[in-house]
Amino acid sequence: MAIAKLSSMVDLFFPRACALCAEILDEDQRGCLCSQCLELLVPLDNPCWKCGAPRGEGLQLGQVEKRKKPARSCRWCNNRRWLFQRVLSFTVYAGASIPAVRKMKEPAYEGLTRQLGDRIGDWLTGQLLPPSEQPILFAPEHYDAVIPIPQHWFRKLTHRYNQADVLASRVGAAIDQPVRSKWLHRSRWTQKQGMKTVVEREFNMLGAFRAGPSKAIRGKRLLLVDDVMTSGATLHQAANSLRSAGAIHVDAVVFARGINASRVTPRHPPANKHGPSESSPDFLRKIH
Ligand SMILES: [Zn+2]
Ligand SMILES: [Zn+2]
């Protein structure tokens, strides 16, 4: 009671603002978002079953193959062989989810990340239906553990915060499965994916992860968690490592599905056809 009183006193002098639109939040509003912004972050309706991309009109990844029976996967997936079985994407990377994803990357917005992790958890457990009210096909008991996409140790050392860890802890709690963040590591530094083409992204992520111990992972069904999937290269390589360590099934859940990756053509072919170098970024090279 005393804490509640103290909190309302603090709100009086330092009113809380919505993390996305800066609107002052009502006293009884929980979390970091106002109700309008929260309403903008809605689950995707009828996404691609395989990669979670929207299948709406005008979205390249969402184009459905012309068949008698409606296709469950999009054209993007029909030409690919993913090493994960399926990606569940809560929403699309557009509109309000763009600033949400950007802010989730900052330690100051950990509260927002927690709230969005809870929202993903509500969605996975059927408490948040998409507009057509089609429940998503998801069985929490199907999994043995939840695994966040890890950062490189140097980034972790400097940031002390990984948004995927926070999302995974909330998803794990919602579906009542343990989080095993030590089962997957970054084995080398990777450049930022932002401006890269699909080919460059895939090349950049080759061999970027190491999974273990095999004794623990063997025979397990795992659910990867990340903030965004764009080309799928990160989740594909993470699933590859876990499958090599003995996992029998790897799915993934992300907050937002980026849909622009397939529109970008390669600027230039990868320089080294044998895979990316094991080199570190400049500031690490100086240390070594
Ligand atoms: Zn707002
Ligand atoms: Zn797809």
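1. Start at P213, which sits in the loop between β4 (209-211) and α9 (214-217). Helices here are DSSP runs of H or I with at least four residues, strands are runs of E with at least two, and both are numbered from the N terminus. A cis peptide bond joins G212 and P213, with omega about 0°. Most peptide bonds are trans, and most residues other than glycine have a negative phi.

2. A word on the source. This is a predicted model, in which local features need pLDDT of at least 70, side-chain atom pairs count only at pLDDT 80 or more, and totals for chains, interfaces and linings use all residues. Residues are numbered from 1 along each chain as its sequence is written, and chains are lettered from A and ligands numbered from 1 in the order in which they are written.

3. Now the overall picture. The protein chain has eleven helices and six strands. It has 288 residues, of which 37% count as buried. Buried means 20 or more other C-beta atoms within 10 Å of the residue's own, exposed means 12 or fewer, and partly exposed lies in between; C-beta atoms are placed from the backbone. Take contacts between residues at least 6 apart in sequence: 73% of them join residues at least 24 apart. A contact needs the two C-beta atoms, placed from the backbone, within 7 Å.

4. Next, the core. The largest nonpolar core has 66 residues. Such a core is a set of buried Ala, Val, Leu, Ile, Met, Phe, Trp, Tyr and Cys residues joined through C-beta atoms within 7 Å. I120, V171, L224, V225, L242, V253 and F255 touch the most other members. Helix α7 (residues 163-175) gives the most to this core, with seven residues. Leaving aside neighbours within four places in sequence, L242 is in contact with L184, A211, I217, L222, A247 and V250.

5. Helix α5 packs against α7 at an angle of about 35°, with the axes 8 Å apart. Axes are lines fitted to C-alpha atoms, for helices over the stretch in contact, and angles run from 0 to 180 degrees between N-to-C directions. The crossing of α5 and α7 is right-handed. Right-handed means that the near helix is turned clockwise from the far one by less than a right angle; anticlockwise is left-handed. The contact includes I120 of α5 and V171 of α7. Its residues divide into eight nonpolar, four polar and five charged. Ala, Val, Leu, Ile, Met, Phe, Trp, Tyr, Cys and Pro count as nonpolar, Asp, Glu, Lys and Arg as charged, and the others, Gly among them, as polar.

6. Helix α4 (residues 97-104) also meets α5 (residues 110-124): the axes come within 8 Å and cross at roughly 125°. The pair is therefore oblique. Angles under 35 degrees count as roughly parallel, over 145 as roughly antiparallel, 65 to 115 as roughly perpendicular and the rest as oblique. The crossing of α4 and α5 is left-handed. A100, K103 and M104 of α4 meet L112, T113 and L116 of α5.

7. Finally, the loops. A22 has a positive phi of about 70° although it is not a glycine. A22 lies in the loop between α1 (2-13) and α2 (35-40), and is exposed, with 8 other C-beta atoms within 10 Å. D176 also has a positive phi, near 60°. D176 is in the loop between α7 and β3 (184-186) and counts as exposed, with 10 C-beta neighbours inside 10 Å.
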